[in-house]
Amino acid sequence: MANPHEPHSDPSQSLMILPSALIATILAKLDVASICSAASTCRAFHSCASHILSFIPNFHLLDIGLSIDLLRPLLMPTNPYLRTLQVDCTRLDDSSFDYLLRPSLQELSLHNCADFTGKLLSHIGQRCKGLRFLYLSSLAEKRGRSIDVSDLEELLLGCTELETLILMFDVSMFVRHNFARVWALATSKLVSLEIGFISSIMVTELLSPPIGPNQSSHHLRTCIFPGIQKLSLSVDYITDTMVSMISESLPSLTHLDLRDSPIMEPRVSFDLTNIGLQQINLHGKLKHLSLVRSQEIFPTFFKRVNDLGILLMADKCSSMESIYLGGFCQVTETGFKTLLHSCAKLYKLRVSHGNHLTDLIFHDITATSLSLTHVSLRWCNLLTNFAVTRLASNRGLVVLDLRDCRNLGDDALQAISTLPKLKTLLLDGSDISDMGLCHLSKGMSSSLVSLSLRGCKRLTDKCISFLFDDYSNRELRELDLSNVPNLSDAGMLLLAKSRIPIFELRMRQCPLISDTSVIALASMKVDENGWQGSSLRLLDLYNCGGITQLAFRWLKKPYFPRLRWLGVTGSVNRDLVDALTRNRPFLHVGCRGEELGADQWDKLDDLYIHDYEEVDEFEQWLLEGENGSDEEMEEAENVEVLPD
């Protein structure tokens, strides 16, 4: 037997003597990316990887959008044990049906299906009849045409075991004729339905099936979704009629999430009023409620709802555990305090655009039995440090979102620093200073994982040294320093020196950030016994004042080996950007100022941190035998930078 302590012993040769069954047992417990990463380390693991992929039950690969040529050898068509499939379909289309759709599947998540047609729905219904969970996003968005409702019909007819259906795209692409009738075919086992966008008229039609030719107008209509417990819809208008119909026709509802984005100020008949709020939770089973009017298209609010409406709703919401109210500009602390005192089981509270919300909402919070863990108070500009001090009495807070509360300062941070379990802290646009962050790092334990300081104008480079002083905040993995005008390369040098393994770093709109910062981050050595080089998987440099061609030399391999998202300014030489994407085919480059990341839905319910150590080895395994072309990058660097 080989002696691993011999000076010329090869560790890979030692692995070769292990029984293949033992290696297979170990690898079978890993996810797909980890299996492929292990396969790139030695011949023993490489020879075993293909065998493992032929019977792996769960195939999850959302970080990288593979082409069908790269996906084909990983997603074995002969695998009869595949139960769960999660794939980024950015580079896939209808020709991938044979590889993606299996009769053995119980859970299917296909993200970014813009190049597919509506036929994807019908083929899922034909081939995946045992499916229990289905997630589809961006279906046929690049096609620019409607989806035939017959495709939806085949999906609902075929998938008779479906329990969760999530369609994150505009279902108004379906022709309205027979739309409601087709949904009547859905299995009674369906308990959760989420739709990316649907018009309020279609919702009304969906929940009120037409009366048959031989039925009177007083005929009791059959409920289309008798078992639905969770309903999440994004609509054009939230109305009294819609809320009333949902409450009446869905007796088992426990989760209700409605969001709208009106393009103009709605009329009374197309709006939510106090009358509609009274209809919520008629059956008394609702645990989670979200009613949000977004201002992303037009600055509109729920102007016809006031404290009276909230008071009437609170009488039926004593068992609520999670509440999100956005855009209720006429509701004061009186209405919100009523909810806090009525809902004894409440642990998640989110309020946005609470224009009349003051510190009084938390004045006597210690008198309640609440144990809040998630609190979001975004765009509540009347709140001050006092409100945060009172709120901090909930020592179990895990997520605290105070974005755009512009009157919060260093005293608020001093109170926040006493929270031992806090993992996510968002302070965008607040009036904090470097000294406030000093309070934060001295008082807080090492629990903080995500911190956003976007638009905090008083911060300087000293905030970096205060954040990571005396080995504090060593668990921080996501940091947003965008739109901080006094942040310079000196701050990034301090960050690199701290050797904190940051995964996501956003510095957009920082005029003093230049090539020096990129070089410092690229040269960053995180851990002697772990990662060699930068741990960053997301780097946003959009509209940073000093980024030139030199930075692009440090953005290509072997630097930033784990980088998956990069934001740069569109006025940078386009040839350089194109050459970089060819050099790093799995890198998502944003040039138009779009927010970066795998999922831009505003969800604070869960904090998910992935072990990214294997990602680069996975890419190496995928591209084995291919040589990345640095010549294109060199040629592009010789092209003169285009003027702004």
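This is a predicted model: local features need pLDDT of at least 70, side-chain atom pairs count only at pLDDT 80 or more; totals for chains, interfaces and linings use all residues.

Modeller: Residues are numbered from 1 along each chain as its sequence is written, and side-chain values use heavy atoms, without hydrogens and water.

Colleague: Which residue of E2 is the bridge partner of Asn58?

Modeller: Strands here are DSSP runs of E, at least two residues, and helices are H or I runs of at least four, numbered from the N terminus. Strands pair if DSSP finds at least two bridges between them; E1 (residues 58-61) and E2 run parallel, joined by four. The partner of Asn58 in E2 is Thr84.

Colleague: How many residues of strand E2 are buried?

Modeller: Buried means under 20% relative accessible area (1.4 Å probe, protein chains only). Thr84, Gln86 and Asp88 on one side are buried, and so are Leu85 and Val87 on the other. E2 (residues 84-88) is therefore largely enclosed by the rest of the structure, and the buried count is five of the five.

Colleague: How are H10 and H11 oriented to each other?

Modeller: Their axes, lines fitted to C-alpha atoms over the stretch in contact, with angles from 0 to 180 degrees between N-to-C directions, come within 10 Å and cross at roughly 25°. Angles under 35 degrees count as roughly parallel. So H10 and H11 are roughly parallel.

How values were computed. Buried means under 20% relative accessible area, exposed over 50%, partly exposed in between (1.4 Å probe, protein chains only). Angles under 35 degrees count as roughly parallel, over 145 as roughly antiparallel, 65 to 115 as roughly perpendicular and the rest as oblique.
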